[in-house]
Amino acid sequence: MTSAYSPSGSPLSSAPRIPAAERVAGAPISWGVCEVPGWGHQLSPARVLSEMNSLGLTATEFGPADFLPEEPAARAAALKEHELAAVGGFAPVVLHDPAQDPQQEIARVLDWFTAAGATVLVLAAATGIDGYDSRPELDRQGWDTLLTNLDQLASYAASRGVLAVLHPHVGTMVENEEEVQRVLSGSSIALCLDTGHLLIGGCDPVELTRTAPDRIAHVHLKDVDAALADQVRKGDIAFTDGVRRGMFRPLGQGDIDIATVINTLEVSGFNGWYVLEQDMILDGEPEDEGPIADARASVGFLNGLFKANQ
């Protein structure tokens, strides 16, 4: 299965609508697999991909750069072995430094996309610092550079058949409400609506869905414990500590109105991916079912929602 999005840069494609239930994908972060050094125990690709398949998922994002084989054809083959299509993936890249050209780095990422038939490049405005627990502030030149790079990368990705979106993300240069609005007004790139990261950063994902549906081209579905999110937002605990304490919850078991987000998007004509993401940190190889139990709960929640809306 492939996304109905064209890489023209427009979030809404003229392609035929695909039922929402067929646009649900997995992500390795729901199994604790993350690009941050020292994040936690990393499960094997074989386990993660086979468990995704066992839940009925038919597509996934790639995960960190070193999760799947480096060679593009081998990467595509690893997904095919588990009957999973490639959605695309998360690419944190420094966008605000005038001395750095991010296109060279993104070119390598898009080689993986081309080989696997992936269609969505999920950019994040990386700080240049490992992890997501702190970030610098941008000056005007930094912002001008970031916004210019976003549009240039979106155009470059489109030339290679891929739709680029920006992922507002805790601990990156685009995190809070003001910064999201600055991107919306200062660039033409589409957004990845990550319900959890938006809430933690202080941007209401339900309201953003209502006010800017035409800019939302990709969705990371997360549910969140609002009390822990508030502690992270206030700086009382670090983002990583929040994750360790279970800040991210299975869909329907947190404080985000996931149903309204999805219903609003579907009414607006959204035809992109809903990627299940529940950030977690593992201390070691699970002795019980492990992350698949929460992933199963999220899949069940979505299946119930889609059935109710038929």
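**Note on cysteines, a helix pair and a loop proline**

1. At 1% relative accessibility, Cys192 counts as buried in this predicted model, since the word buried is kept for residues under 20% relative accessible area. Cys34 is buried as well, with a relative accessible area of 10%.

2. When the whole structure is searched, zero disulfides are found. For Cys34, the closest cysteine sulfur belongs to Cys192 and lies 15 Å away, which is too far for a bond, because a disulfide requires two cysteine sulfur atoms within 2.5 Å. Cys192 is likewise in no disulfide, and the cysteine sulfur nearest to Cys192 is that of Cys203, at 13 Å.

3. Two packed helices are described by the angle between their axes and the distance between the axes. Here, helix 10 (residues 258-268) packs with helix 11 (residues 292-308) at an angle of about 50 degrees, and their axes are 11 Å apart. This angle makes helix 10 oblique to helix 11, and the crossing of the two helices is right-handed.

4. On the side of helix 10, the contact is made by Ile258, Ala259 and Ile262, while helix 11 contributes Phe301, Leu302, Leu305 and Phe306. Sorted by class, the contact of helix 10 with helix 11 has seven nonpolar residues, with no polar and no charged ones.

5. Pro37 sits in the loop that runs between strand 1 (24-25) and helix 1 (45-54). Pro37 is exposed, with a relative accessible area of 56%, and the cut-off for that word is over 50%. Pro37 and Gly161 are 124 residues apart along the chain, and their C-alpha atoms are separated by 31 Å.

Note on methods
Residues are numbered from 1 along each chain as its sequence is written. This is a predicted model: local features need pLDDT of at least 70, side-chain atom pairs count only at pLDDT 80 or more; totals for chains, interfaces and linings use all residues. Side-chain values use heavy atoms; hydrogens and water are left out. Axes are lines fitted to C-alpha atoms, for helices over the stretch in contact, and angles run from 0 to 180 degrees between N-to-C directions. Helices (H or I, at least four residues) and strands (E, at least two) are DSSP runs, numbered from the N terminus. Angles under 35 degrees count as roughly parallel, over 145 as roughly antiparallel, 65 to 115 as roughly perpendicular and the rest as oblique. A crossing is left-handed if the near helix is turned anticlockwise from the far one by less than a right angle, and right-handed if clockwise. Contact means heavy atoms within 4.5 Å. Ala, Val, Leu, Ile, Met, Phe, Trp, Tyr, Cys and Pro count as nonpolar, Asp, Glu, Lys and Arg as charged, and the others, Gly among them, as polar. Buried means under 20% relative accessible area, exposed over 50%, partly exposed in between (1.4 Å probe, protein chains only).
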